[in-house]
Amino acid sequence: AGPDEKPRHPVTLNTFYIDKYEVTVAQYAAFLTRLGDYRQACADVDCAQPRDFIGFTSYLLEQDLGDGSLVYVPVTGFADYPINNVSWYGAKAYCESVGARLPTEAEWEFAARGTDGRIYPWGNEPPDPSRAVYPSADYDNLKPVNALPAGASPYGALGMAGSMWEWTADWYDETYYSVSPRVNPTGPETGITRVIRGGAWPNNNEADRIRAANRSSLTPDFISAIVGFRCAADP
């Protein structure tokens, strides 16, 4: 365990739903088309950045219809790949648009690890290419969200190791576990960065990087090719 993963402690959560798959390029493209634009459209921050802005690491295309309106579509053949280059605000806005929310960090880890404290979503066996995007040297290793059923978590969630880092709802604090509530923790009240989980390509050449308990963080306006998300919801 890393220093920010200690102390180990029990947590009790209310029942919740979480997406089986990461949000796809096609799903996010449809959201942006409904929204009409990505530029400073999510809490005055860019929701995401498409290929014509950020380059080949995006599978999201912006198309001008010539009448002042914009539509968004996936690159052909990549509709079912995980959306990336999306800010925390863009992830939050998408989830809310479909009647959901971002998962808390505790919910994300529970969905990935279950109740037996497993190291990876599938268990304690070392990662391999049948279970995760691993080892991953470059962008071409990325796969569709449903590509690796052997890597499913105890609850059937896929892609929770080695695909995208995934945004969660919580602010990050490296010492939070020492003061975390034991029931439904939701992270610190304030912060500078938001928690991301899941490990990500490229350079997933160390198994430690994609452990289900591994934590990291980014500022919520940060947009990166290695960050996507999935949504959660209350029953």
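**Entry 1. Terms and starting point**

I take contact to mean heavy atoms within 4.5 Å. I note that the model is a predicted one.

**Entry 2. Helix 4 and its cover**

I looked up helix 4, which spans residues 105-113. How many of its nine residues are buried? I found that eight of the nine are buried, and I recorded the helix as mostly covered. The buried residues are Glu105, Ala106, Glu107, Trp108, Glu109, Ala111, Ala112 and Arg113. I then asked what covers these buried residues of helix 4. The cover includes strand 1 (17-18), strand 4, strand 5, strand 6 and strand 8 (232-233). Just after the helix, I noted that Gly114 has a positive phi of about 70 degrees.

I looked next at Thr104, which sits in the loop between helix 3 and helix 4. Its relative accessibility is 10%. Buried means under 20%, so Thr104 counts as buried. Leaving out residues up to four places away in sequence, I found that Thr104 touches Thr168, Ala169, Asp170, Pro185 and Thr186.

**Entry 3. Salt bridges around Glu105**

Side chains of opposite charge can pair when their charged atoms come close. I counted 14 salt bridges in the model. One of them joins Arg197 to Glu105, with the closest N and O atoms 3.0 Å apart. Arg197 belongs to strand 5 and Glu105 to helix 4, so this pair ties together parts that are 92 residues apart in sequence. Are Arg197 and Glu105 buried or exposed? I found both of them buried.

Glu105 also meets Arg215 in a salt bridge, at 2.6 Å from N to O. This second pair links helix 4 to strand 6, and its two residues are 110 apart. I checked the accessibility of each partner. Glu105 has a relative accessibility of 3% and counts as buried. Arg215, with a relative accessible area of 5%, is buried.

Which residues are linked with Glu105 in a network of salt bridges? I listed Glu109, Arg113, Arg197 and Arg215.

I looked up the pair Arg211 and Asp208, which form a salt bridge with their closest N and O atoms 2.6 Å apart. Arg211 is buried, at a relative accessible area of 11%. Asp208 is at 47% relative accessibility and counts as partly exposed.

Strands of a sheet pair through backbone hydrogen bonds, either parallel or antiparallel. I traced an open sheet of four strands in the order 6-5-4-7 and recorded its pairing as mixed. Which strands lie at the edges? They are strand 6 (215-218) and strand 7 (227-228), each of which pairs on one side only.

I then followed strand 4, residues 165-171. With strand 5 (residues 194-197) it pairs in the antiparallel sense over three bridges. In this pairing, Trp171 stands opposite Arg194. With strand 7, strand 4 pairs in the parallel sense over two bridges. Here I found that Val227 is the bridge partner of Trp165. Strand 4 is mostly covered, with six of its seven residues buried.

**Entry 4. The largest nonpolar core**

In soluble globular proteins, nonpolar side chains tend to be buried together. I looked up the largest nonpolar core and found that it has 40 residues. Those with the most contacts inside this core are Tyr28, Leu32, Tyr94, Trp167 and Phe229. I then asked which elements each supply at least two residues of the core. They are helix 1 (25-35), strand 3 (70-74), helix 3 (88-97) and strand 4. Helix 1 gives the most, with five residues.

**Entry 5. Helix 1 against helix 3**

Which residues make the contact? From helix 1, I listed Gln27, Tyr28, Phe31 and Arg34. From helix 3, I listed Gly90, Ala91, Ala93, Tyr94 and Ser97.

Key:
Residues are numbered from 1 along each chain as its sequence is written. This is a predicted model: local features need pLDDT of at least 70, side-chain atom pairs count only at pLDDT 80 or more; totals for chains, interfaces and linings use all residues. Side-chain values use heavy atoms; hydrogens and water are left out. Two strands pair if DSSP finds at least two bridges between them. A salt bridge is a side-chain nitrogen of Lys or Arg within 4 Å of a carboxyl oxygen of Asp or Glu. Buried means under 20% relative accessible area, exposed over 50%, partly exposed in between (1.4 Å probe, protein chains only). A nonpolar core is a set of buried Ala, Val, Leu, Ile, Met, Phe, Trp, Tyr and Cys residues joined through side-chain atoms within 4.5 Å.
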